[in-house]
Every structure is written in C-alpha cells, then in structure tokens.
Amino acid sequence: MAKKKQSAETSGPKEFDVMSYLRRDLFPHFLCPGCGHGIALRALMWAAHELGLDKDKIAIVSGIGCSGRLGAYVDANTFHTTHGRPLAYATGLKLARPDLHVIVITGDGDCLAIGGNHLIHACRRNLDITCMMLNNEVYGMTGGQVSPTTSQDRYTTTTPTGNTEATFDSCKLAEAAGASFVGREVTVQTPTLKNLLKDAIDHKGFSFVEVISDCTEIYGRKNDLGNSPEMILSQKSQMRPDSYGGVIVDEPFRPNALPTGVLTRSDRAEYGETYRSTMASSKKGA
Amino acid sequence: MDKKITHKEPVNVLVVGVGGQGVIMVSKVLATICQEHGYQVKQSEVHGMAKRGGGVFSHVRFGEQVYSPTIPKGSVDVLLALEWAEALRWVNHIRPGEGTFISDTQHIVPPFACRNRKRGAEAGYARETSDQIISRVNKGFALDATTMARELGNERAANTVLLGLLSTTLEFSEDVWCDAISRFVPPKTVDVNLQAFEQGRAWAAMDHGTPEPVVHNDGPTPVVVGREEHEMSDFVQLDINPAWCKSCDICVKMCPERCLKLDDQLKAVLTDPDRCTGCRICEWLCPDLAITVHRTPEAARAAAQG
C-alpha cells in the first residue's frame, strides 16, 4: 500500500480538478441546461492543466454571446471585450505581453459574422494566439437568430421558413486565411477535445479550434433535435475523424459529416517574433 | 467396409458452442462421414453473427430420407456442446428419455454476464452442476475436454476430444472418423487432433464420475475501452453538487452502467454506488461542472475539506 502511495505521488502532475480553475462563487453558471459550452470550458481547463500552465500566465479573452460569458468563470486573467473583437484585443495583449498564453473564447456569430474581418486578419498575421470557437449554429443569447454557421433549412427566430443561406465552413476559412493550426472537435469526445486543445495551445502561431457545441434550449427545440442527451449523442454521427491516425472514413453514409481532428498544421513564421526582431534591428539602425 | 443403412428415421445431432471453438468443423466432419456412408444428410447452422465469443449452433440430420434441415424441439438424439452454458441453453431440445448429452465443462463467461463491471465483482453464470444436468437426461457425459486438449499441447483440439466421445455413440468405424478428421483440420495439427480423438474414445471407455465444472476464465474480464482514462480503480466516489445541477439529463442517459437518475427535485443522484466504475463519462459531459469523480480516498478527502 505504501509503495502504491509513493508511486502515485511521484508520477506526473496532480490529478486534474476543474474546481481549482473556477471562480466558484459565480456558479452555477448562467448557461441553459444541457448547453455544450460548459463541457468545452472543462476541456480547455483540462488542457491547460495537462500542459502545466501557470494560472497567472493564462489570459482568456472573450467576446459577446453565450461563449463570451465563459471567460468570467475561469480563475485566471480574463478579459471580456466588445462584440466580435476579442481577437483584436488579444492581438494587442499578446504583442504587449508575449509571456502570456492568450486564449480567445468566441462563438460562431461573434467570430464569423461580427468579427469575421478580425478572424481573417488574425489568421493572416499568425500571432501566437489560441482561438477556441464554440459553434452552436445560432445566436443563443440574443434569442436565437440565424448565424453564419446555421445549417441550411434549419429554423431560427429570423428564419421562420428555414435558413436559405449557405453555411460557412469556418475551418476552411481559417485555413485559407493562413492560420497555421486548424482543428475541429465535438464536445461529446471530451478527452479528444482536450488533446486537440492541448496541441493548439502548444502550437507556436495562430491556432484555430472549432468546437461543435449544442444549443438545446433555443436551436434544438426549434428544430426538433431532441433533448440534450440526444443532441450530444447525435454529434458522433456528424463527425468524421480522418486526421487522427487515419480512422476509416465512411463518407458515403454520412455525406454531411464534418472532418474532425487536426486539419492543418504548419510552421509558418510567428508574427510576434518577426515583429520584435524587426523592431530591434530598426532601433539598432537608427 | 460395411455400408448399411441402419437408420430409417433421421438421426438428429445438434452441435453447439461458442464462436471460435470449432462447432462448424465438428458438424462438417460428421456430415461428411454420414454422406460417404450413404445416408442423406442435411445440415444447417447459424454462425457469423456470433463472431468469437457468441453462441453458434449447427444441426446435422442424417437418415435414409431427410426432409427438413432443422431439428424439431424435443427430438435431438445427440447434443454435443463445446461450452457449458451453451449446453444448458439447448438441453431441453433433447428427446425426452432417449437422447444423449455430451458436454465440455468449460465455462466461457459471456460479456453480458458481467453486469457489474467493477473489478473483482461476481459474474452471473449458470449455477447448475454437471451432476444435476446429467440426472435430467437419459445418458449424459460431462468431461473437461479443454484441459485434456491442453495437456496434449493444443487447447483448440477440445472439439476433437468431444468428437471422439461422440464416435462411440454412432456406428461408424474409427478409421472413417480419423480419415475425415485429418482431411478437415489444418495440416499442421493433424497429429494432435488424432491424439485428442483417441483421448475422447479412451475417456468413454473409462469408468469415471462426472467432474465439477472448471472455470477457465477467472472472473469477469476487465472491460477494456481503449483509453487510459477508463482504467478501473477500486475506490470510487461520485460527488454531485445539487446547487449546480440543471437537470439536463446528460449524465443519466450517457452513464454506461445506468447508475444515475434524476430525483424528485430533478437533480442527478447516484442510485447504485456499487455499480459505478468511476469511468468519468458523467464528469466529462456534465455541462454544469456539477459532477466530480474521485478515484482515490486522498482526493475525496481533499475535496471534502477544500
């Protein structure tokens, strides 16, 4: 028994306890029952724990929306910013304080609609920021309006006859705009999501992670997608894990399934380093 | 050789076992021998869906004229079982007062018998002893063919041991059996299979009592889910914070052991602490961060204090 105890003490870091990463006096959180954002928050904290990040060195920047409120619950440096602009704030923060691990929590409407311009330019610059985009296909906080990622023919409060617009593939967008790390995962696979977020935080350069979350109360109810357990289980049929170890792809049976896992990873020059070296050399020259 | 049709009415042999034991091989050997003897043979089987570890059965009927390929319930003349639980499943198909029962006493615990997946938990398995079963049939043999085959050097020859025992109840000569066996088993294992066949015949000639069932699988197999996070532990404590729970039902529906429920306040509660394996799925998927699983007494104590 004594031997066992000793090995437990010596082997690796302390067991992950999400409570040590939360501002517990703010709980229970404001999210609706069954909202997947809480699962994504746990996965993010778990990834930070496994990477052994110092809580004082984590800076969480969030925008407006259901996802934007998540930052407030984390016991770290948090920054609640204006709608669509968390990436802009994070860019300034990271350039001023390169020692911080800047993590942006944003939603599909925040990141792709209002902040679409900031996203593509953040991807282009390739500054060392981790962007976790929680995609629940709807503007949840403001009452369920259509968002750029709402699937076609889905009902929202602003599309009472079904969504007729085409849908954004945010990972393709980020990849095309130049993000050096792009990944996608569903909340139901929490350990896999944690591993993906770990890779993303570890990556040097702009890393974009789309987390498929579920909005049960507003989007699920309007579209008859079932209760939270049904919605979270259906995520498994919507994903196509084809980048983690070459898992067999049954594409013909799931034409609408999204690829998950690490989709892009490159070693493009990180903007912060380039910027600092240019500044240093220009000062020398002056 | 004397090829005489002695059976006008069909003789029904039912071979049952678990996927991977060689049920189909046994029935193939038997059907070939009968056919070469001049009988009409009909054989039908269910396999494939069972994969390895599931139930497999094969009907072999031979006689002067056989019409149906399946054996009616209650008219099995010889039941040859390669596994004890499968033997019990089919024992009431034996012709009352006339049929012969041959079974290996090997226990292969099926996965669904391990209802409680905690380490060291008891597995649900048939409790009848071999004596109880043999007293219910006209003529019964229960032998530990697997151990006999293992002593010969190949555990998988257990089906041939039972074939040797079966050969003593039918009229075909030993040479015919040996010839058929050496044609159907893999070439490298012909010798060990012929030895096993001899052992089976020798066992039938011996005077013996019925042995007690031998369990070859020690308890339920630990469930391997493929992730290190799923490792089983002896200590499990589930803390659910009712103030944070928002009754979304995810933990109740996703629990693989079905040991959570919503109480009358619609808060998640653990109904059966003994069944909880500490797999952490409820903890990971709780959107309200209300569930914490402690795997060590130290962690539970620390959480209670802090």
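Leaving out neighbours within four places in sequence, S147(A) touches D108(A), E137(A), V138(A) and Y139(A), where contact means heavy atoms within 4.5 Å. This is a predicted model, in which local features need pLDDT of at least 70, side-chain atom pairs count only at pLDDT 80 or more, and totals for chains, interfaces and linings use all residues. Residues are numbered from 1 along each chain as its sequence is written, chains are lettered from A and ligands numbered from 1 in the order in which they are written, and side-chain values use heavy atoms, with hydrogens and water left out.

**Chain A**

Back to S147(A): this residue sits in the loop between strand 6 (145-146) and helix 6 (170-177) of chain A. Helices (H or I, at least four residues) and strands (E, at least two) are DSSP runs, numbered from the N terminus. With a relative accessible area of 4%, S147(A) is buried. Here buried means under 20% relative accessible area, exposed means over 50%, and partly exposed is in between (1.4 Å probe, protein chains only).

D153(A) is in the loop between strand 6 and helix 6 of chain A too, but D153(A) counts as exposed, at 59% relative accessibility. It also has a positive phi of about 70 degrees, although it is not a glycine. Elsewhere, the peptide bond from F27(A) to P28(A) is cis, with omega near 0 degrees; P28(A) belongs to the loop between helix 1 (2-10) and helix 2 (37-50) of chain A.

As for the chain as a whole, chain A has 10 helices and 10 strands, and 49% of its 286 residues count as buried. Of the contacts in chain A with a separation of 6 or more, 67% come from residues 24 or more positions apart.

**The sheet in chain B**

Over in chain B, 6 strands make an open sheet with mixed pairing, in the order 2-3-1-4-5-7. Two strands pair if DSSP finds at least two bridges between them. Strand 2 (40-46) and strand 7 (139-143) of chain B stand at the edges with a single partner strand each, so one side of each has no neighbour in the sheet. On average, neighbouring strands of this sheet are turned by 10 degrees against each other, direction ignored. Axes are lines fitted to C-alpha atoms, for helices over the stretch in contact, and angles run from 0 to 180 degrees between N-to-C directions.

Strand 2 and strand 3 (residues 55-63) of chain B pair in the antiparallel sense over 7 bridges, and S44(B) stands opposite H59(B) in strand 3 of chain B. Helix 5 (residues 158-167) of chain B packs on the sheet and touches strand 4 (78-81), strand 5 (100-104) and strand 7 of chain B; its direction makes about 160 degrees with that of strand 5 of chain B.

**Cavities**

The structure holds 2 cavities of 30 Å³ or more. On a 1 Å grid over the protein atoms alone, a cavity is a set of points where a 1.4 Å probe fits but cannot get out, and lining residues have an atom within 4 Å of a point. Grid points are joined across faces, edges and corners, and a volume is the space filled by probe spheres set on the points.

| Cavity | Volume | Lining residues nearest the centre |
|---|---|---|
| Largest cavity | about 90 Å³ | C255(B), C259(B), C276(B), C279(B) and C282(B) |
| Second largest cavity | about 80 Å³ | C245(B), C248(B), C251(B), A268(B) and C286(B) |

How values were computed:
1 Å grid on protein atoms, 1.4 Å probe; cavity = no way out; pocket = protein on both sides within 12 Å on 5 of 7 lines; lining within 4 Å.
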